[in-house]
Each structure stands twice: as C-alpha cells, then as structure tokens.
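User: Could you walk me through how to read a few features of a protein model? I would like the general idea, then the case at hand.

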Amino acid sequence: MSESKLADRFLDAAIALLRRIRDEESGAIAAAGTAVADTVAAGGRLFAFGAGHSSLAAQDVVYRAGGFAVMNLLAVPGAVGVDVVPAPLGSALERVEGLATAVLDAGPATAGDLLVIVSLSGRNALPVEMALHARALGLTVIGVTSVAYAAETESRHRTGTFLKDHCDVVLDSGIAVGDAELTADGIGTPFAPASTVVTSALMQAMMATAAGVLAERGIEPPLLRSGNVDGGPEWNVRIMDENRDRIFYRH
C-alpha cells in the first residue's frame, strides 16, 4: 500500500468537497454571512456552538487573528471537544435532553443575537434542542450540518427532527454519513474524516462574507489582528474595548 497515494486520495477528496460547497452552497453562505452582518450592525452578539469534534469548527472562529472579536464560544460543560474523561461521556451528553435549554437560559445570549450551531449529523438532542430553544428566545440560528444524515439516519430528539429543521439558514457540508473518505485493502473500516476541513471552511467563508457586507455598508468589521505582528496587540486592545459589551471570553 502506498502511503503517499492514500494521502493524495484524501487531499483530492477534501478538495472535491470544498469545490462542492463553493459551487452549491454559495447562496446559503451569502445568506448566513448577511445574517451575521445584520446582527453585528444592529449591536447584537455572536455565538458559536459545537459538541465533540464539531466544536473544533466553532472554536475556529472565536478569538483568533482575522476573526470577529464579537464571536463567542457557547460552551456546554463536558461536550466541548474531547476534553472530558472518559471521552465517551461527551457523546452521551449530546443525547441528554434539557441540557441545551439550561445552558441557554443561564448564558448571555438573548433576543437579537445570533447563534451558529455546528453538528455533523444534526440528529442528537443537544444541537436540535439548542436550535429550538435559541429561536424561541429570539436568536437567529445558523446550522452547519450534513443534510445527508436526515435522509439516512433517525433523529435522537423526541420531536423526530434534525438540526436543519430549526434554523434560519442551513449550510450543508455535504459530508457522507459516517464521515470517512477513504477505504483500502487491509483496513477494515472507512477512515480519514474530512468534516473538520469542510466545516471550518464553511464557517470562515460565512465570516468573510459578513466582513464584506459590513464594509459595503460603511461599517468597520470588528476584526482582530495577529498578536505576533507589529501593532497587532494595540489594534486588538482598541477593538476589544470598543466591543466590550459583546465579548464574553475576556471575563
């Protein structure tokens, strides 16, 4: 087996998926970016949520160079990444109803804010309930998910619905059920997931669109600079001070 051939196959698969979202999701990306810009222009706050590995894409747009200073991570204890031990507990928490409602009710998000929910399958109770309750509270909800799961799997929420059913805008990653791009002789299961690559690209495309929409309206996007370039720290102090009431990761 050629290891380099497998690497090439994975990269080719990832590139094909990126081309698909560029060609097929441009309208949804534009709508999501405009919704983000509308929220920022109106003085609202931005939040991103993801459980398990879906949290990686959510974290990718929070407090980073070139990103919006007003994007905050909405964290559910025990469900962010694989930081909980034992790790399978995080997966179990995604199926617990009532958890998302409690987190939203205790958190800072309120009517007029925007929440991006990242969930590859969109089938578990946590993301479905998160979207349902967020909209009930008056938030705009953007879902980043694979619509294929709704056609090929069953919901784990009591309503029988998926994340995609409770969003103002849906960004479809197009990831196949199972999230593994490769098969090979001698390897007994599909491998090489690409969901993080594609989902992060969707998130960054959405935020890039939002920055452009704000600039077209004559509004400076509240963007952070790298702290490792000259003038970056000073720039960030100004941006964060100007938006202190919309930033929650400083406290």
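**Reading the model together**

Analyst: Happy to! Let's start with contacts, meaning heavy atoms within 4.5 Å. Not counting residues up to four places away in sequence, Thr145 touches Ser119, Leu120, Ser121, Gly122, Leu163, Lys164, Val170, Leu171, Asp172 and Ser173. This is a predicted model, where local features need pLDDT of at least 70, side-chain atom pairs count only at pLDDT 80 or more, and totals for chains, interfaces and linings use all residues. Residues are numbered from 1 along each chain as its sequence is written, and side-chain values use heavy atoms, with hydrogens and water left out.

User: Where is Thr145 found, and is Thr145 buried or exposed?

Analyst: Strands are DSSP runs of E with at least two residues, helices are runs of H or I with at least four, and both are numbered from the N terminus. Thr145 is found in strand β4, residues 140-145. For burial, under 20% relative accessible area is buried, over 50% is exposed, and in between is partly exposed (1.4 Å probe, protein chains only). Thr145 has a relative accessible area of 3%, so it is buried.

User: What does the side chain of Thr145 reach?

Analyst: The side chain of Thr145 reaches the backbone oxygen of Ser119, at 2.7 Å.

User: Which residues is Val141 in contact with?

Analyst: Val141 is found in strand β4 too, and with a relative accessible area of 0% it is buried. Leaving aside neighbours within four places in sequence, its contacts include Leu115, Ile117, Ala131, Ala134 and His166. For a distance across the chain, take Val141 and Ile219: they are 78 residues apart along the chain, and their C-alpha atoms are separated by 23 Å.

User: How many helices and strands does the protein chain have, and how compact is the chain?

Analyst: The protein chain has 9 helices and 7 strands. The radius of gyration is taken over C-alpha atoms, and the globule rule is 2.2 Å times the number of residues to the power 0.38. Here the radius is 18 Å, close to the 18 Å the rule gives for 251 residues, so the chain is as compact as a globular protein of that length. Of the 251 residues, 48% count as buried.

Technical notes:
A polar contact is a pair of N or O atoms within 3.5 Å; within protein, one must be able to donate a hydrogen and the other to accept it, and residues adjacent in sequence count only if both atoms are side-chain atoms.
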